[in-house]
Amino acid sequence: MPNQSKNIILGISAGIAAYKMYDLVSDLKKLGHNINVVLTKDSINFVNELTLKVLSSNPVFCNMFAPELQTKPIHIDLADSADLILVSPATADIIAKIANGICDELITNILLAAKCPVYIAPAMNTNMWEHFTTQKNIETLVTKLGYKIIPPEQGDLACGYTGVGHIASNEKILNAVLNIKKDKTRGLGTKRVIVTAGGTREAVDPVRFIGNRSSGKMGIALADIAYEMGAEVVLVSTVPCDKPYQVIEVESAQEMQEVIESEFDKSDALIMAAAVSDFRPITASKQKIKKKNEDIVIELTRNPDILEILGRTKRDKQVIIGFSAESEDTEKNAWEKLQKKKIDIIVANDITVPDIGFGSDENAVMILTKDKEREVLQRQPKTQIARHICKKLAQMLNEVKEAKKV
Ligand code: CTP
């Protein structure tokens, strides 16, 4: 969630985790950064140059001496233009080369010439990672060069080992390089905020469920921004994710309700971005339902309306934000939901508008408040919408505090 876009060099070395960089490049680009991918000579065994070119919308660099390169040496050009360099995956070999200034790869040349922050995400076999030489090289990178290591994790490795050496998740790498961290001095500094994300799944049998199209992107963006703004965040999500704040994974509406009810009392705010199923099968079959030559009927019962229950019982100083997904009469229905559920803010969107909303990185919304404020946010990234909503939340929580003082 950058405040400003960065020029990032991503150095990919020859490890199996290289394929994960497709997603990382794509995520960084979606967040508005400019990515220049630099491949080591052997990494092209694991990733495809053209794919990275398309994903980054930039040329991909591999060869120091490519004829098409400009008059200024390419390693100097790239080093000078970089705001940040990430080497991921970093093999034992590239780490050894970087630690010892060996310049037989474009990326090691760039690193010698660069003055910007450098992040290294190692990935390798456990024995190679634990080897004295690798550890000594890592120590050199940290203590002598000031590089930041995004540590490898315990896991099942492609080489068949189970142990430390698995590359950190893309989310962890993103959090590290984009410096997504709590800033307690910002608007939500002393607040505890629950955010829900994703779509609930209501079991029909052990295999099937009733679900919806929510991707969880809006809720996760809200949790990230609330965290950046200093809040203690509890994300209650149906989508698994790896975050620097607490994530509680749930599946059904009832599970979500249980978690929220146990967390809400000690929280200042709830942002209910999840798409909660209004109905669930009366009974979920313990065995897989077998097909027969006849239609079946699944009887549904109402799920609790979590937002309405909490809106009724919330304390004055707590703030609740709900969402409203509508396919008709968007504004009218949203005003009605705001009042009926006794909440403070409702964020409404029209789900019939193509290419935004469910699954997309963008949305267009209308923000309505209990004080009858009405604000329209035109189509924009969900991260920007999240920032706007969190600012509004901070403002409202602080107003509550001021009002109490009077
Ligand atoms: N919500 C909830 N519990 C439910 C259903 C919805 O807490 N059982 C919350 C959603 O998280 C959202 C808000 O209520 O913040 C509005 O959800 P939406 O699906 O738009 O509307 P509903 O209240 O379910 O009404 P309808 O489906 O009739 O539009």
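A residue is counted as near a molecule if one of its heavy atoms lies within 4 Å of that molecule. In this predicted model, local features need pLDDT of at least 70 and side-chain atom pairs count only at pLDDT 80 or more, while totals for chains, interfaces and linings use all residues. Residues are numbered from 1 along each chain as its sequence is written, and side-chain values use heavy atoms, with hydrogens and water left out.

Around the ligand there are 16 residues, of which Met 272, Ala 274, Phe 323, Lys 337 and Lys 341 come nearest. A backbone N or O atom of Ala 274 is 2.7 Å from an oxygen atom of the ligand, and for Met 272 the corresponding distance to a ligand oxygen atom is 2.8 Å. A polar backbone atom of Ile 306 lies 3.1 Å from a nitrogen atom of the ligand.

The protein chain is divided into domain 1 (7-184) and domain 2 (192-405), with bounds that come from an automatic or database domain assignment. Eleven residues from domain 1 and twelve residues from domain 2 take part in the contact, which means heavy atoms within 4.5 Å. The C-alpha centres of the two domains lie 37 Å apart. About 960 Å² is buried between domain 1 and domain 2, and carbon and sulfur atoms give 47% of this area; buried area is the accessible area (1.4 Å probe) that two parts lose on being put together, summed over both.

Three salt bridges are found across the interface of domain 1 and domain 2, a salt bridge being a side-chain nitrogen of Lys or Arg within 4 Å of a carboxyl oxygen of Asp or Glu. The interface also holds two residue pairs in polar contact, both at pLDDT 80 or more. On the side of domain 1 that touches domain 2, helix H8 (residues 170-177) gives the most, with three residues. Helices (H or I, at least four residues) and strands (E, at least two) are DSSP runs, numbered from the N terminus.

Local backbone features were also examined. Asn 48 caps the N-terminal end of helix H2 (residues 49-56), with a side-chain oxygen 2.9 Å from the backbone nitrogen of Leu 50. Just after H2, Ser 57 takes a positive phi of about 55°. Ser 88 and Pro 89 are joined by a cis peptide bond with omega of about -10°, and Pro 89 is placed in strand S3 (residues 84-90).

Key: Polar contact = N/O pair within 3.5 Å; in protein donor to acceptor, adjacent residues only side chain to side chain.
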